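Thanks for coming. I have one model to go through, so please look at the sequence and the structure on the screen.

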Amino acid sequence: MKILVITEQRQGKWNNTSFETVVAAQQIAAATAGTISVAVVGKGVTSLAQELATKNVAEVLVIENDLLENYTPDGYCTALKQVIESAKPDLVLFPHTYQVRDFAPKLAAMLGKGMVGDCISFRKDGDKLVFVRQMFQGKTAADVTFVGATPWFASFQSGAFRADLLEAHPGGKAPVNAAKVELKPEDIRTKPLELFKEAKSAVDLTQAPLIVAIGRGIKAPENIAQAEAVAKALGGEIAASRPICDEGWLPMERQIGSSGQTVAPKLYLALGISGAIQHVVGMKGSRTIVAVNKDQNAPIFEIADYGIVADIFEIMPALTEELQKARG
Amino acid sequence: MQREQLEADVLIVGAGPAGLSCALHLANLIKKHNASGTKPELSAENIYVLEKGREIGAHQLSGAIMNPKALAELVPDFEKSAPLDTPVTDSAALVFTRKSSYRFPITPPPFNNAGNFVISLSKLVKWMGGLVEAAGVNVFKEFGGAELIYEGNGIAGVITEDKGVDKNGKPKDNYTPGYELRAKVTVLAEGPRGSLTKQLVNKQKLDNINPQTYGIGIKELWDVQPGKIKPGFVAHTLGWPLSTKMYGGGWIYGLSNNRVSIGLVIALEYADPRFDPHAAFQTWKTHPFLRNLLEGGKLARYGAKSLPYGGWYAMPRNYVDGGLIVGDSGGFLDSQRLKGVHLAIKSGMLAAETILEALKQGDTSAETLKIYKDKIDQSYIKKEMWKVRNFHQSFHNGLLDGLVLSGLQEITGGHGLIDPMYSQPGYEAYQKIHGRPAPERFKGDGKLTFDRLTDVYHSGTRHEEDQPCHLKVVDLNVCSTRCVEEYGNPCQYFCPAAVYEMAKEGAGLKLKINAANCVHCKTCDIADPYQIINWTVPEGGGGPNYEGM
């Protein structure tokens, strides 16, 4: 069986699941008396290719092109389609990474072949190669085999094979060959922008010493600015009870309560919060609780250290002003 | 969309008493079948059970008093290991007036529970789940049946719900499309008002001569002061705070360890669209009898669930090509005694016997599965339900007529004056509000009585927050226009979990759905006057946690 492994690198750095997939290939090759080619895709990846050549593989393929410098699904699919058509492998293996999830099904579909994704192991059943993948959140495992013509596509889950079992090349080094691919800029319909990491929630409410929390009493999103002014004058963070975040007036990470954060600041100022138990469990540990609510029977007053029965729209501006004065 | 497919012999939707009995009995029958050497060889591993709850038992709620006869057939030595809590030692029927209560000197037979057990249905079902898994059956927790796969004049399996979809229906990082589970026989064991059962009954017109009618049961578990109630003491209450025009009553069951199960059941066919069942239950607790019982005690858990009241003439046809309906989904409930656990178990067992026969014959068409119906007719299910086939209908005009009519039925084997008595869907009973102002909402004192949000907190309900709303309202305009005018938005009142709320928007009102509060009781799907609310399964694992209920 002729196996082709597509490794993954980004800006010269390996995605280490690549090596686990090479181990999978080595084990499949051992079971099927097969040979392994390992491909590395990108621009300026020769040193990565040399590293792969020290492993027990028959050949390393370097797929280099200016247009492959940054990952694009079109670029990868177009290039790999050409490589697969000329190298004619029986089995193409990938590490099951986010990038692979993005392009591998498309590549398989372009070639009209089947793909088994996210496998955890394989076994040889007579002359059949059986892939095992989890279903129902790992509760059960399904055996899957290919019925159509080769090449077959499969990806292995991260951690399915141990990278430390990677065999070195017995003869020192495998040959490194360049695979010719032709790519035109118009093949690529997407334009990669700069890489970025999604900002982690900007605020960690559990660490905030002062919290100003708003509830339904705030009535409309345009009124939140008044509460934010209080928070700013106080030097605290703004937070909310569930309905406010449900409406999308404040992001979910600012929700306090049983389905949000649990906090215990030095001061918790509850503005227009009735004090349903779902909210209270998230803040009752606060050192000092000050509650402002129009309804004198609101349950929040049962746990408040200081309660003000008043309209928050009168209290908020007055409080902001006083706080600013006090701070000078 | 392409989905992953999986094939089974038998797929059971719902791990309640009916679904699990079906699975366990079938696994036992398959074992015997294989031991006898008869072909074809079958395997319990080809039985799949889906359960939308976090774990088996998480969505089980009942009073509950169980007649043990069906369980004894399923698990002959059940008394050794089943969590039965306590046998009934004393059964009382009480009539409540506002200030006092009267006990019937001789407890009428329907209220007599000698030989039965007070149980936690959640605990019992959890225990059954253990037996089912030990028998080799695959139980997939946190997976709900979202859609039926139709084939011919019946069904060929279900599609489970998609996971990892955000509020706006977009896939998230953890998106996993639902599985396509195909089976030779699909058993709908979804409980009352099953969302798939509803579709199938409508599509195949499986309704009986009467539509199914429902009640809602609202329950609290309390830890009370020692000596307040004897374990095994069970009481049913009639009267206050329900008017004689309403059909329903309360229960008080003494469990072990000073725990007591209390609840109120009310038929969802009342006239006032702004009647609030949760508030009625809270008011009921202020009766001196309950006030004294609960004084110094503590609320442990809360929940609510609908139950099918309609009786024999409201049971849908329960077999189609490739499909059977069991338990509450099929209306297997004695509408006089409001007992369904033993009938659910029995229906599951009869379904299992039918399925074995069908698998042996290699024919799972309605023609073969029809023997399920014959088995029901020959069993005590029919015997019990036939006697009271007109019971619930007799109360259509209130308590007094009902007592006379059902009394006559009692001495004529269920026939009474008219047989069959017809009924209407419960939501047709609503009378329009004609501009009457809305009543004030019940608040609760926080000690004996609670508002709905506090109670919902005690149901342990959780849902993934970022998912599409699982309560599908066909036309929100109806809510803001016609319903405001005609019925004053009953959803705000009948929902025992404060899911529905009419919020001010500009000069008008707009429906806001707090879907994460949903305790999966299905009342909205049943009681909406326009029948435009469709309850669908949320992402698996969401819902209440009825441990101990």
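In chain B, α1(B) passes α8(B) in a right-handed crossing; a crossing is right-handed if the near helix is turned clockwise from the far one by less than a right angle, and left-handed if anticlockwise. This is a predicted model, in which local features need pLDDT of at least 70 and side-chain atom pairs count only at pLDDT 80 or more, while totals for chains, interfaces and linings use all residues. Residues are numbered from 1 along each chain as its sequence is written, and chains are lettered from A and ligands numbered from 1 in the order in which they are written.

Helix α1 covers residues 17–35 of chain B, and its axis packs against that of α8(B) at an angle of about 35°, 7 Å apart. Axes here are lines fitted to C-alpha atoms, for helices over the stretch in contact, with angles from 0 to 180 degrees between N-to-C directions. Helices are DSSP runs of H or I with at least four residues, strands are runs of E with at least two, and both are numbered from the N terminus.

On the α1(B) side the contact includes C22(B), L26(B) and L29(B), and on the α8(B) side it includes I345(B), M349(B) and A352(B). Contact means that two C-beta atoms, placed from the backbone, lie within 7 Å. By class, there are 14 nonpolar, six polar and one charged residues in this contact. Nonpolar stands for Ala, Val, Leu, Ile, Met, Phe, Trp, Tyr, Cys and Pro, charged for Asp, Glu, Lys and Arg, and polar for the others, Gly among them.

Next, the other partner of interest. Helix α8 (residues 341–361) of chain B also packs with helix α10 (residues 371–378) of chain B, at about 140° and with axes 9 Å apart. That crossing is right-handed as well. L350(B), A351(B), E353(B), T354(B) and E357(B) in α8(B) meet I371(B), Y372(B), K375(B) and I376(B) in α10(B). The residues involved are five nonpolar, one polar and three charged.

Which residues does K375(B) contact, leaving aside neighbours within four places in sequence? They are L350(B), E353(B) and T354(B).

V537(B) sits in the segment after β24 (533–535) of chain B. V537(B) is buried, because 23 other C-beta atoms lie within 10 Å. Beyond residues up to four places away in sequence, V537(B) touches residues including K52(B), E161(B), S195(B) and H470(B).

Now chain A. Chain A has nine helices and 16 strands. Its radius of gyration, taken over C-alpha atoms, is 30 Å, well over the 20 Å that the globule rule gives for 328 residues, so chain A is more spread out than a compact globule. The rule is 2.2 Å times the number of residues to the power 0.38. The C-alpha trace of chain A spans about 80 × 45 × 35 Å along its principal axes.

Finally, the interface. Ten residues of chain A are in contact with twelve residues of chain B. The chain A side of that contact has six nonpolar, three polar and one charged.

Notes: Buried ≥ 20, exposed ≤ 12 C-beta atoms within 10 Å, placed from the backbone.
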